[in-house]
Each structure stands twice: as C-alpha cells, then as structure tokens.
Amino acid sequence: MGVMTRLLAGGALAALASGAALADPALIYDLGGKFDKSFNEAAYAGAQRWVEETGGAYKELEMQSEAQREQALRRLAETGANPIVMTGFAFGDVLNKVAPDYPDTKFAIIDMVVDQPNVQSVVFTEEQGSYLAGVMAAMASQSGTVGFIGGMDIPLIHKFECGYAQGFKAVKPDGKLLINYTGTTPAAWNDPVKGGELAKAQKSQGADVIYAAAGGTGIGVLQAAADEGILSIGVDSNQNHLHPGKVLTSMVKRVDNAVFDAFTAGTDLAPGVTVMDLAAGGVGVAIDDNNKDLVTAEMQAAVDDAAAKIASGEIKVHDYATDSTCPVQ
Amino acid sequence: MDKMPKWADVILTPLISLLLAMAISALVILAIGESPWLALKTMVDGALGSSYGWGFTLYYTTNFIFTGLAVAVAYHASLFNIGGEGQAAMGGLGVALVLLYLPLPHWILALPVAMAGAAMFGAAWALIPAWLQARRGSHIVITTIMFNFIAAALLNYVLVNLLRPVGSMDPASGRFPEATHLPKLSDIALGMGLEWGKNTPVNVTFIVAIIACLLVWLLIWRTRLGYEIRAFGRSEPGALYAGISPVRITVLAMLISGGLAGLMAINNVMGESERLVLNAVEGAGFIGIAVALMGRNHPLGVLLAALLFGFLYQGGGELALWTSIPRELIIVIQALVILFTGALDNMVRMPLERLFLSRRKRGAA
C-alpha cells in the first residue's frame, strides 16, 4: 500500500514505477462491495485461498462510482498488476475499451463475455445449477407450490429464475411457481426485511420451498422461511449452515474457483471464454451435514440423474440470456 | 436589521463549517487507526494534484452544477425539489432515446438535440409533482421523492425490456453512435498542443454547465420571470396580490428545475459512458441539494460548492481506491461536510454574526 500512495502524484510517477513491474494479481469488486455475503465475497474468498496456498500478495479495489471503472482498470494496468480480475457484468463495456491499450496485461472478467485477445471471460451456467435446485424444490414440496424471490429485476436473475422453473416443471408439470422480485434499484440486493416479507407472502399463497437469488436480501428470505417452518434454497455461496435443517440446499456458483484459477494462472492466463458449468464444477447444489436429513435418497438420485443428463447434453436447460425468454412460466 | 458583511456570509461561514467537518473527519480517521494527514494528502493529490485528478474532479463538478442549479431555481420559488435524482435519470433516458434513434451526423448537431431531449424529459418528470403541488396542494417534497422511485422503476423496465441489446446481461442500452461522441477537454487541450487530463471523463459539458450558471443568474435576477419566482418564493399572498399566478410560477419554476437536473445527463450519459446504464445518476441529484444549500442558491455559490463536492467525490474515491480506509468512511466524511455546511449552518453563522455585529457596534461607539 505504501507504494500505491506514493503513486498518487500522478501518471508520470505511475509510468516510472511500472518499470519496477509489480506483477501481483489484482481483484476489483463491483459496486456491491467486498463483503456482500454473496457474489463479491465469493471472489474475495477465492483470492484469500490463493494467498493461503501460495503466500502471494494481491491488490484489491472496491468501486465507488461508474466513472471510476475505467480509472481503476487503467491505474492498475499502469502499476503493473497482472492479471487483473474483475467481478460483474458492469465492467464489460469499459474493459472492452481499456484492454486493447494494455496488450501485455491479462484481464479476467466474471459474468460477462469480452472479446479481446488479452481477456479471459468467465461465465457461469446459473441455469443448470438452478435447474437442479428446481428439481429438489419440486421433490421437497408437499403443497406443489414453490417460490422464487429475486433481487433486483435484471436479466441475470431471470436466468436463475428460468433454470429453476424448468427444473421444477420437469418434476411437477402441474406445480405452481410463485415469482417475486425485491425491487428495481440496487437497494434490492440488500433488503432482508423486504425479502422476509415476500417469503411470508409466498408462504401464505401455499409455497413451502422458496429459492432466493437476491444477494443480501436472501438472508431475510432464509430467516423468514426458517421462522415459518418452510424450506428455503440459498444462492452463490453455500448458505446451508445459516439455518441447519431448514435450508434445503444452496445453488453454489464457484466465483471463488474462477478467481483462484485466474490468480494461479497468473500472467499465463488463457484468453477466451471459460464456461464454468455443471460438468466443470462451476455451479451445483450444495449437500453437506446441515441439509443431509432433508435430502432423501430419492431426491439425491433425481439430482444425480438430472446432473448427468445435463452434463451429457441429454437435458438442455434453456439459457434466458440467449433470447430473453423462458420456455416455462 | 444589521447584517454581517457579504464576504463573511458567503465565504467565511462555509469555510469554517468545512474546517469543522474536516476536524471531526480527522478524529474519525484517527479512531480507525489511520493517519488523517495522509488521508488529506491522498485526497488533495488525487483530486487536485494532477491534470488527471482535475479531469475527474471537474467531471463530477459538472454533474453537481446541474443538480445544484436545479435545486436552487426551485428554492427561489420556495419549492424544495428533491427529485433531482429521478429527473436526471429521466434526462438520461431522453438523451439515450435521441442518440439511439435519431441519425445525428456530428456532435455539434447532436449536442443541442440531446440537450433538448435531456431537458424535456427532466422537465416532464418535474411537471406532475409541480402540477400536483400547484393544483392539489400535494407537498412537493413528498411527490418529488416518490417520483425518484418511479423513475428508477421506469428506467429499469425500459433498459431491461426495451433498450437492452439481445443477449446482453447488462441492463444498459447499446452504445451511442460514434459520431455523437462529445469532445473531452483533454482532446481540446491536445488540439492546442497540451497534454492535459488524458483519459479523464470531463468534456465540453463542463462549459455548458458554466454557461448554465450564467443563464440561471440572468433568469433569477435580470428577468421578469425571475422576479416573479423570487416574489412568489418570499411571500405567496404578496405575489398573489401583485397579480402573479401561483400555479404558473410553481409549474414554470419546477419545469426549469427539472430541465436543469435532466441536463446533467449530457455529462454522464452522453459525455462519459456513451450508453445509458441503470445507475447513471449515482446520487448526484441528492448531492445537488447540499450543493445548493451550501452555495446559498446563488449560481456562483453553486459553482464553488459543486467544485468542493467534486473534490470530495474524486478525493474520496482515490482514498478508497488507494488506501486501506474503507469506502464507507468516505461517505461519513461527505456526510459530515453536508451536515456542517447544510444542516448545522446556523451553528457557525449565528455566533459569527454576533461577533461581527458586536465589533461593528464597538467601532461605531
């Protein structure tokens, strides 16, 4: 950090220091912040694991505003950080502009495809993991009605919703799916009270399993479901431990692995698109000591079967992102 | 009634407030075990220490000038417009629609047309609260803040369902045509053979903002409408007695206010991101309130206060980016400045006033 502060004098100094080539990797968190208990925090966990295993050091930045994205990328590239990993689709446009100016620096972006020769794009097949969550929800539900609570109403979350709906309908074609979104502003990612209210409302309409894909809001959903005696499904990180025996499973998205892999690859980071799918262990449903009593042998078999079929291509889970529509409602 | 000298009112009071805010911020930074001196140095260096820092500071300043002027104009009519956030967001939508759907061959043409789009959308968003206030007496503070949420929801719908390119996960519009790219001040400097502010977002909108300050000054103090706005703001019965229509002034003042807030979009949407993103405004509408309060609703004051907040924004950003001071603390520092210059203004002003008056009395005796 001491080196960094001295660089503040400006570009001239930064240019000098880049000769010293601090080839440490760097990680940039999106506006949600490092400790969002979900997406960004998973990235942090991956970076920390890399530190523990290699003893290396990395730089990290948290965004404050939209205009800073380009600033942060350029400054990190100029100080010699390599590779530079960033979380979130919102960096896509800026990275597309910045990456060609620093051909010797490797970049990795999570959740977005940026087609540049020095960029690795890491995307997750959230629809596949959500499909498995849908299968489990359908089998765990007594009432035949399950719920989905999204955070901010953006396309990425519809991708989760659509995968979940497909898995649910595959098991219970006549089942009923309740869908709610917390809001339309970024505050929707961090509104556990509203998440809890939505969960209670869905319960009153008969839902007995609720999948929360809502960042910090999901904590409220899981809490309310546990209080109301129904089941919930966590997201991104393994959240089974939050309410042992009350959380059916968690749809894990291994952002930590993506960051860990990028850091480990270092300057040899391979450009192109890396798809972290079910087969690659990029997404999946978490089964551990906290939820093993909830998962029946039959359910486990159904999940394994669906997972195998998705991996082999026998089941094609529709990706909402490709055409902005969902085949099941 | 006696008053303290104008320079003390306009410059000394905010300056002392600012120093108090800085002193408390320094204590907070000390409390978390960081060096306040280093923090201050980082902020000053990062925001003002290089042409690069200036480029960002002036970019944020431009945003705050527009939203500050918007609040100031409404305030002269005694209307508290806290809907700058939503009006600026709608202005962004206006800019995006104009630039995406009208074939504009050059920025010289695109700028006035986009300005018209931004101002019209911003003004339209202020029209309904204005009309409700004028006709139904619905309080403008309540309605404008509600309209911020409606704007957010509308923008979300439009971006997710209508303007988003197919296959993109990012709730943002496509890029605006290359021809509508506004020249950055760094480009202009380069044209004059100067290397200034490379890769910074400040663009010609800054000049537009300065002109807007001048026009607002002319409007408020040199036109008939401005006089009517001020008369109405001082006393509604008085204005009514003078034959000024409250409905007309309320609606006009709010239209101008909304239009100014909307114009901010020229800077952040057209000038910087060159596409419409969901949270393009990022609180600038609310900062405009503090800017107007601190600038005492005078365009020159707004300009200076906007510069201060531009500095705080950029300096704070640098602080969060390059030191281990957490970003939440930056918000604390900004809040302290707003608290002392806005809410606790009288805490400094009144003793200062007493001091000046007692000195004057002694001088007279």
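In this predicted model, pLDDT is the predictor's confidence in each residue, from 0 to 100.

Q: What is the mean pLDDT of chain B, and which of its elements have the lowest and the highest mean?
A: On that scale from 0 to 100, the mean for chain B is 91, and 99% of its residues reach 70 or more. Among its elements, helix H14 (residues 327-343) of chain B has the lowest mean, 81, while helix H8 (residues 205-222) of chain B has the highest, 97. The model itself scores ipTM 0.73 and pTM 0.84.

Q: Why are H1(B) and H14(B) called roughly antiparallel?
A: The axes of helix H1 (residues 6-31) of chain B and H14(B) cross at roughly 150° and come within 8 Å. Angles over 145 degrees count as roughly antiparallel, and the two helices are therefore roughly antiparallel to each other. H1(B) passes H14(B) in a right-handed crossing.

Q: What makes the contact of H1(B) with H14(B), by class of residue?
A: The contact has 12 nonpolar, 3 polar and no charged residues. Leu and Ile count as nonpolar, and among the residues that make the contact are Leu18(B) and Ile24(B) of H1(B), together with Leu336(B) and Ile333(B) of H14(B).

Q: How many residues of chain B are in contact with chain A, and which element gives the largest share?
A: Residues count as in contact if their C-beta atoms lie within 7 Å, and 37 residues of chain B are in contact with 34 residues of chain A. The largest share of the side of chain B that touches chain A, 5 residues, comes from H13(B), and the residues of that side divide into 16 nonpolar, 12 polar and 9 charged.

Technical notes: Residues are numbered from 1 along each chain as its sequence is written. Chains are lettered from A and ligands numbered from 1 in the order in which they are written. This is a predicted model: local features need pLDDT of at least 70, side-chain atom pairs count only at pLDDT 80 or more; totals for chains, interfaces and linings use all residues. Helices (H or I, at least four residues) and strands (E, at least two) are DSSP runs, numbered from the N terminus. Two residues are in contact if their C-beta atoms, placed from the backbone, lie within 7 Å. Axes are lines fitted to C-alpha atoms, for helices over the stretch in contact, and angles run from 0 to 180 degrees between N-to-C directions. Angles under 35 degrees count as roughly parallel, over 145 as roughly antiparallel, 65 to 115 as roughly perpendicular and the rest as oblique. A crossing is left-handed if the near helix is turned anticlockwise from the far one by less than a right angle, and right-handed if clockwise.
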